[in-house]
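Work through the exercises below with the sequence and the coordinates at hand. Each task is followed by a solution in steps.

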Amino acid sequence: MLTGKRNLDIVLIAEGYKFIITKECPEKTDEDATDDQVKAHGKWVKVDEMARCYILVSMANVLQHQHLSVGSAYDMLESLKVMFGEQTRAAKQTAMKALLNTKMAEGSSVRDHVLKMMCLLNELEVLGAVTDKESQVEMVLQTLPDSFQ
């Protein structure tokens with residue numbers, strides 16, 4: 001789920017369509033609608049269909065079947081959050097434990113250690129943990145051996 005969500009975000013951002021999972025559909029158009037309203041609604045519907053396809057193609061067959069009739073990409077993502085919420089919390093706890101228990105061994109590569117820490121921090125961010133950059137730097141510094149003081 002997390003990899004699929006991250007991949008969906010990447011595709012939507014690259015295409016300039018991230019709005020589809022953050023904004024509601026513009027009002028359905030009627031005969032009094034302006035050209036801009038008609039275009040905005042049409043664009044939203046088209047992009048939502050594309051996002052729904054991206055989501056469906058990244059799912060296992062069982063999940064595809066369950067989500068074929070879901071109305072929008074946003075609703076699909078909300079449904080998946082409900083289904084996998086407990087797994088996300090457990091994954092966040094595991095990643096946090098790994099982050100807090102990681103210490104760089106004396107004489108090992110600082111570069112490799114910092115990259116490992118960045119991966120753990122990124123994983124936590126993807127899982128929904130919010131940590132400001134200053135705190136992240138402090139966390140990494142705390143994992144360095146005493147010789148770095």
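The exercises go from the whole chain to single residues.

The model is a predicted one, in which local features need pLDDT of at least 70 and side-chain atom pairs count only at pLDDT 80 or more, while totals for chains, interfaces and linings use all residues. Residues are numbered from 1 along each chain as its sequence is written, and side-chain values use heavy atoms, with hydrogens and water left out.

**Exercise 1. Confidence**

Task: State the average pLDDT of the protein, and find which elements have the lowest and the highest mean.

Solution. Start with the scale: pLDDT is the predictor's confidence in each residue, from 0 to 100. The protein averages 84, and 95% of the residues score at least 70. Next, go through the elements: the lowest mean pLDDT, 76, belongs to helix α1 (residues 2–15), and the highest, 91, to helix α6 (residues 133–142).

**Exercise 2. Secondary structure and overall dimensions**

Task: Count the helices and strands of the protein, then set its radius of gyration against that of a compact globule.

Solution. Helices (H or I, at least four residues) and strands (E, at least two) are DSSP runs, numbered from the N terminus. On this basis there are 6 helices and 0 strands, and the pattern along the sequence is α-α-α-α-α-α. For the second part, the radius of gyration is taken over C-alpha atoms, and the globule rule is 2.2 Å times the number of residues to the power 0.38. A compact globule of 149 residues would come out near 15 Å, whereas the protein has 21 Å. The C-alpha trace spans about 75 × 35 × 20 Å along the principal axes.

**Exercise 3. Burial, surface and contacts**

Solution. Buried means under 20% relative accessible area, exposed over 50%, and partly exposed in between (1.4 Å probe, protein chains only). A contact means heavy atoms within 4.5 Å.

**Exercise 4. Pro145 and Gly107**

Task: Decide whether Pro145 is buried or exposed, do likewise for Gly107, and find how far apart their C-alpha atoms are.

Solution. Pro145 is in the segment after α6, and at 9% relative accessibility it counts as buried. Leaving out residues up to four places away in sequence, Pro145 touches Met104, Ala105 and Glu106. Gly107 belongs to the loop between α4 (73–101) and α5; its 75% relative accessibility is why it counts as exposed. Pro145 and Gly107 are 38 residues apart along the chain, with 9.1 Å between their C-alpha atoms.

**Exercise 5. Sequence separation and distance**

Task: Find the C-alpha separations of the pairs His113 and Glu31, Ala14 and Met96, and Gly107 and His65.

Solution. His113 and Glu31, 82 residues apart in sequence, are 62 Å apart in space. Ala14 and Met96 are also 82 residues apart along the chain, with a separation of 30 Å. Gly107 and His65, 42 residues apart, are separated by 52 Å.
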